[in-house]
Amino acid sequence: MATYSGGCLCGAVRYRASATPINQRVCHCRLCQRAIGAAFNARVLFRIEDVTFDGVVATAHSSADLKRGFCASCGTTVFSRRDAAGIIGITTGSLDDPSLFKPEMHIFTASKQPWVKIDDGLPQYEHAPPPA
Ligand SMILES: [Zn+2]
Ligand SMILES: [Zn+2]
C-alpha cells in the first residue's frame, strides 16, 4: 500500500493518505476544468477518513453535493469532496510524487478539450461512468 502525500504550492496545506485508493480517474468535466484551472482533473479517490490534513483548507461548492478544497493562502486546489458519499478526490498535481497516479479511465469526455488526444487505451465515458 502506497502512501500518498502532498500539499499546496506554498506549503501551508499538507495531506497524507495511507490507504488503497477507491479509484483513479481523469475527469474532463467543465466544473473540474474551472476549479483546477486546467484541461482536466486527474484525481485519486479515497474515503474521507483515510486522508489527514494539516493547514487551513478553504472550501467552495462547485455543485450542490461537491466541495472543492483549496489552500487559503495560495489557492492550490487539493481536493474535491462529496460529504454525503464519504469520498474525497485528491488532485494528482498536488502529490509529492505525481507518478503514483495510475489512471483507470477518462470520464466526462463530452467536454474534453479538443487538443487533448487520449491514446492510453483506457476506457472513456462521455459522462459519468456506469456504477461499479
Ligand atoms: Zn498554499
Ligand atoms: Zn470533473
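In the hairpin of strands E1 and E2, where six residues lie between the strands, Gly 11 adopts a positive phi near 90°; strands here are DSSP runs (E, at least two residues, with helices being H or I runs of at least four), numbered from the N terminus. This is a predicted model, in which local features need pLDDT of at least 70 and side-chain atom pairs count only at pLDDT 80 or more, while totals for chains, interfaces and linings use all residues. Residues are numbered from 1 along each chain as its sequence is written, chains are lettered from A and ligands numbered from 1 in the order in which they are written, and side-chain values use heavy atoms, with hydrogens and water left out.

**Strand pairing**
- Strand E1 (residues 3-7) runs antiparallel to E2 and is joined to it by five bridges, two strands being paired if DSSP finds at least two bridges between them.
- Within this pair, Gly 6 has Tyr 15 of E2 as its bridge partner.
- E2 also pairs with strand E5 (residues 51-54), in the antiparallel sense and over four bridges, and there Ala 17 has Val 51 of E5 as its bridge partner.

**Faces of E2**
- Strand E2 (residues 14-18) has a covered face formed by Tyr 15 and Ala 17, whereas Arg 14, Arg 16 and Ser 18 make up the uncovered one.

- Cys 29 is buried, with a relative accessible area of 13%, and Cys 32 is buried at 6%, where buried means under 20% relative accessible area, exposed over 50% and partly exposed in between (1.4 Å probe, protein chains only).
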